[in-house]
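Hello! Here are a few notes to read with the structure open beside you. Take them one at a time and find each residue as you go.

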Amino acid sequence: MQQWDVIVVGAGAAGLMCAIEAGNRGRKVLVLDNGKRPGRKILMSGGGRCNFTNIYTSPDNFLSQNKHFCKSALSRYTQWDFIALVQKHAIPYHEKTLGQLFCDDSAKDIVEMLLAEAKAANVQIDPYQHFWTPC
Ligand SMILES: Cc1cc2nc3c(=O)[nH]c(=O)nc-3n(C[C@H](O)[C@H](O)[C@H](O)COP(=O)(O)OP(=O)(O)OC[C@H]3O[C@@H](n4cnc5c(N)ncnc54)[C@H](O)[C@@H]3O)c2cc1C
């Protein structure tokens, strides 16, 4: 029987990033989802071009009961880390207004990037093939 260190429920943006990070830290990771394909909401985002980050993102842009949470989270993974990932995958992008970054072509590029990173981190996504249709 297969054994997993981490089981992530939901192959959305949050679940895929979490799975990639855990996989890169050497954990054996499984991602399950009850939908038809991974990253469906990402595909809709930014009018289909995914507004994937903002170059001026700072803890002041977030509302939280614990204002220190955003400071610590953003200091450990910044918008520049995500931009570096997008550049590593040679995804063309542009700045729109007020620092918003969008894919030139399609939000599909971001989903494919996350799936490629998950694969590289040995993350198993939906091995039971509930939902697998190519995006
Ligand atoms: C029209 C639209 C445009 C947007 N534009 C942008 C944008 O340009 N930039 C931006 O940053 N954000 C944008 N957003 C918001 C962004 O898409 C979401 O914040 C983000 O995708 C949420 O990711 P998530 O992983 O938290 O949740 P989700 O993407 O909702 O992922 C959750 C996953 O869990 C699965 N799931 C749920 N319940 C179960 C269960 N019981 N068992 C198994 N699987 C389950 C679902 O099938 C889904 O795949 C937009 C959202 C919409 C709707």
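1. In what order do the three strands of the open sheet come? Keep in mind that this is a predicted model. The order is S1-S2-S6, and the strands pair in a parallel way. Strand S1 (6-9) and strand S6 (124-125) are the edge strands, each pairing on one side only.

2. Now look at how S2 meets S6. Strand S2 covers residues 29-32, and its parallel pairing with S6 rests on two bridges.

3. Next, turn to the ligand. It is surrounded by 14 residues, and the closest are Ala-14, Asp-33, Arg-40, Gly-46 and Asn-51. By type, the shell holds four nonpolar, seven polar and three charged residues.

4. Which helices each supply at least two residues of that shell? They are helix H1 (13-24) and helix H2 (40-44). H2 gives the largest share, three residues.

5. In the side chain of Arg-40, an N or O atom is 2.6 Å from an oxygen atom of the ligand. The backbone takes part too: an N or O atom of the Ala-13 backbone lies 3.1 Å from a ligand oxygen atom, and a backbone N or O atom of Asn-34 lies 3.1 Å from a ligand nitrogen atom.

6. Finally, how much of the ligand's accessible area does the protein cover? On its own the ligand has 1000 Å² of accessible area, and the protein covers 53% of that.

Methods. Residues numbered from 1 in each chain as written. Predicted model: local features only at pLDDT ≥ 70, side-chain atom pairs only at ≥ 80, totals over all residues. Heavy atoms only, no water. Near = heavy atom within 4 Å. Polar contact = N/O pair within 3.5 Å; in protein donor to acceptor, adjacent residues only side chain to side chain. Areas by Shrake-Rupley, 256 points an atom, 1.4 Å probe, with all protein chains shown as cover. Helix = DSSP H or I, 4+ residues; strand = E, 2+ residues; numbered from the N terminus. Nonpolar A, V, L, I, M, F, W, Y, C, P; charged D, E, K, R; others polar. Pairing = 2+ DSSP bridges.
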